[in-house]
Amino acid sequence: MNFIITTPLYYVNDKPHLGSVYTTIICDSIARYKRLRGEKVLFITGVDEHGLKIQRTAFNNGVSPKEHCDEISEIFKKNWLKWNISFNKFIRTTSPEHEKVVHEFYEKVKASNDIYMGEQKGWYCVGCEEFKDNPDNSPSYKCPIHKKNLEWKNENNLFFRLSKYQKAIEELIQDPEFIEPKERRNEIINFVSKGLKDFSISRTNLDWGIRVPDYINHTFYVWFDALLGYVSSISSDDNKYSLDSSIESGWPANVHIIGKDILRFHAIYWPAMLISAGMKPPKKILGHGFLTREGQKMGKSLGNVLDPENLLKKYGEESVRWYLLKDISLGSDGDFQDRRFVDIINNDLANTIGNLLNRTTSMSRKWFNNQTPPLSEKNNNELITLANKSTKNFLTYFDNFKIDKASNEILVFATNVNLYLNKKEPWSLIKDDKNINEVKLIIYNVLEATRIIGTLIRPILPEFSIKILYQLGENNIENKDWEENLKWGLLPESRSLPKPIPIINKLDYE
RNA sequence: GUCUCGGUAGCUCAGCUGGUUAGAGCGGCGGAUUCAUAGCCCGCAGGUCGCGUGUUCAAGUCACGCUCGAGACACCA
C-alpha cells in the first residue's frame, strides 16, 4: 500500500518562491520519514500549466504558452533537485497522460449526472476577463486593477453539482483528522454550513486549457483540471496510463499538504468531485501557514520578497530546512528573520549538535587509539532512558506531523548529552588510571547517544545526518534499517573513528 | 458588517478543564571549566500576562465591552 503525499501543483506563472519551497520541504521530510518507517511512499509534486494568466504571461514575453510552460516547468523540476527534494512524480498538467485522465474523470462525473450546462452571470471586468465578487455598489464599482467599471455579463458554462454533496461533505469534515489545523477546519465547517452551491468547471474565453469533449469551445477550468494532477500523476509513468490504473496504484492520497489559501478547494470541491466519480476522497488536508519577513507580509510592492535561490546559495539547503521545519509550527504563520536564522543554525546545529559530536569523537580518539572505546562491561545509565524517551517522543510527534516538536526533541536530547558529559567530567577522570573503565563507559555512552541523534535527524536533515554518522565511523548508512538503528547499544567497540572535522560551519551576520 | 483565531520577558513562543514567588529557547550580562567549532555548563535577567469591567475565597486561565493584528464570508494558483 502506497503512502501518497502531495505538494500543490504549482502555478507556472512565475518561478518558485519561498512559499512553494516551504511546502515542498515539509512534504519532503514527511516523505523521507515514512520511507524510513518502512512505508512505500509516493511523493507527488508538479505544475499547473493552464489558464488565462499563463496564456497572457507567455504572450507578454513573446513566446507561445507551450514554450513558456516548458521553460518554467523545467525550472521547477531542477529547482527541487537542487533542494534535494525526494519526489517520486512530477506531473505537468499539459501532459497527454494528464489530459487523458481528466477526460476519463469527466465521463465518470457526467455519468453521475453531476454536470450540466448553466449560466454564469455576474459583474465582469473586461480587463481581467474575470467575474468579480458582487460589491453592493457594483454598477459604480471600479476594478482596482484596471480602474474600469464592471459590466454585467452572462456566460454559458458547465457546472458541477456540488450542492448534491452537501451532506457527504458535512460528514467528511466532521472527522477532526480530515482538516488540520483546527482553526482552518472551523472555517470550512462554517462555510459548508451556509450551503454549498454548484460551481462552474469550464470556460469559453480560454484557449489554453484542456478541451471539454462535448463542447468544442469550452476548456476545463482550473479546479477541474489542476487538482486531478494528483491522480493522473500516479500512473503517469505507466505504459498504459489511465484513471483506473492510477486508482489501482493506490489512490486515495494520504495527505495533501497545501497553503491555507487553497484549503477550500481541497477540502470541499475536490472531495465532492472524487465522490461523484466514485472515488475515495483524500484522507487528510493539511494547510500550513504563510511566511512573513521580519514581521511583514512579503510582497512585490513591498520589495521584501525573499528569493529562495539566494537563500540556497548563501546558506545551503539544510540550514533553510532546519529553520523552516524546526522554528515554524506547521499550520501557523511563520516569520523569517535573518538574525534569528543565523542564531538558530549556529546554536542548534553547530554548537549543540555539531560541537557535541566533535568533543565526543575527539576524546575517544585521544584516549582510545583513534577508536571507539573497548568495553569490559555494559552498563545501565541515564542516557539510555533519555534516548528511549526522546526517540519515542520524536516518533509520536512526527506521526502527528508536529515536525517542529520532533525537531526540538532531538535538541532536548543533545542538550542532555552535553549535560551528562559536563557532569561526568571524563577529562578529569582520565588523569587517574584507576578510572579507565569508567571513562570507557562514559565515552561509549556519549558516542552512542550522538549516533542516535545523527540517526533521528535523518528525515529532517538527510545530509547532516549522514555526516554525523560518518564521523562516528558508520558506513553504508543508506542500506540499514532506520528504526533498528534507533536502538541503544549498536555502536561497535574499538571501531576506528575518522579525524573530526566540523560538519557545519557557523554563519555570520551580514 | 457577521464570524474565527491571536495580542504573555528585547525577539519567537509554552502555559490543559481558574489556585503557592508567570515558564522555555534565542539575544544580553556575569561566572566556572577545557574534551570540543571562543564551545559546553552554571547563575542573573525584575514582563501593567493588549485595555476596562464583572464572576469568584482565588483569573494570564471564565463572562461582557473596547482596542490592535491575522484570517473566513464561493469560482483568486
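I count a contact as heavy atoms within 4.5 Å. My helices (H or I, at least four residues) and strands (E, at least two) are DSSP runs, numbered from the N terminus.

The model is predicted, with local features needing pLDDT of at least 70 and side-chain atom pairs pLDDT 80 or more, while totals for chains, interfaces and linings use all residues. Residues are numbered from 1 along each chain as its sequence is written, and side-chain values use heavy atoms, without hydrogens and water.

**Helix pair**

I looked up H12 (residues 317-326) against H18 (residues 462-471). Their axes, lines fitted to C-alpha atoms over the stretch in contact, are 8 Å apart at an angle of about 110°. H12 and H18 are therefore roughly perpendicular (65 to 115 degrees). From H12, Glu317, Glu318 and Arg321 meet Pro462, Glu463 and Phe464 of H18. I sorted this contact by class: four charged residues, two nonpolar and no polar. Here Asp, Glu, Lys and Arg are charged, and Pro and Phe are among the nonpolar ones.

**Arginine 185**

I found arginine 185 in helix H6 (residues 182-193). Is it buried or exposed? Arginine 185 counts as buried, at 15% relative accessibility (the cut-off is under 20% relative accessible area, 1.4 Å probe, protein chains only). Beyond neighbours within four places in sequence, arginine 185 touches Ile173, Gln174, Asp175, Pro176 and Ile179. A polar atom of the arginine 185 side chain sits 2.8 Å from the backbone oxygen of glutamine 174.

**Sheet**

I traced an open sheet of three strands, ordered E15-E14-E16, with mixed pairing (pairing takes at least two DSSP bridges). E14 (residues 291-293) and E16 run parallel, joined by three bridges. Arginine 293 is opposite phenylalanine 336 in E16.

Definitions and conventions. Chains are lettered from A and ligands numbered from 1 in the order in which they are written. Axes are lines fitted to C-alpha atoms, for helices over the stretch in contact, and angles run from 0 to 180 degrees between N-to-C directions. Angles under 35 degrees count as roughly parallel, over 145 as roughly antiparallel, 65 to 115 as roughly perpendicular and the rest as oblique. Buried means under 20% relative accessible area, exposed over 50%, partly exposed in between (1.4 Å probe, protein chains only). A polar contact is a pair of N or O atoms within 3.5 Å; within protein, one must be able to donate a hydrogen and the other to accept it, and residues adjacent in sequence count only if both atoms are side-chain atoms.
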